Amino acid sequence: MVENLEILGALIFLFIGIFFIFNARGIVKNKLLKEIKNENKAVYVVKVVGYLATIASLFALYFLLKK
């Protein structure tokens, strides 16, 4: 049961990472543009965070499903 919850958590984390990658510009425009002046740099940072979250969740899924 706990293993299924861990897999579900990794899948949700994967979804959030992919969402950040594909909607980075929209996230920056809607949420962060008021505070940040350089939009392209902010979009780049959001995409990097999305990539790191995706890679981390894929590694977690690999080790959880390897058992």
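Trainee: What is the mean pLDDT of the protein, and what share of its residues reach 70 or more?

Mentor: The mean pLDDT, which is the predictor's confidence in each residue from 0 to 100, is 89 for the protein, and 97% of its residues reach 70 or more. This is a predicted model, in which local features need pLDDT of at least 70 and side-chain atom pairs count only at pLDDT 80 or more, while totals for chains, interfaces and linings use all residues. Residues are numbered from 1 along each chain as its sequence is written, and side-chain values use heavy atoms, with hydrogens and water left out.

Trainee: Which helices have the lowest and the highest confidence?

Mentor: Where pLDDT is low, the predicted coordinates should not be read in detail. Here confidence is lowest in helix α2 (residues 24-32), with a mean of 84, and highest in helix α3 (residues 39-66), at 93.

Trainee: How many helices and strands does the protein have?

Mentor: Helices (H or I, at least four residues) and strands (E, at least two) are DSSP runs, numbered from the N terminus. The protein has three helices and zero strands, and along the sequence the pattern reads α-α-α.

Trainee: What is the radius of gyration of the protein?

Mentor: The radius is taken over C-alpha atoms, and the globule rule is 2.2 Å times the number of residues to the power 0.38. A compact globule of 67 residues would come near 11 Å, whereas the protein has 15 Å, and its C-alpha atoms fill a box of roughly 45 × 15 × 15 Å along the principal axes.

Trainee: What share of the residues count as buried?

Mentor: Buried means under 20% relative accessible area, exposed over 50%, and partly exposed in between (1.4 Å probe, protein chains only); of the 67 residues, 25% count as buried.
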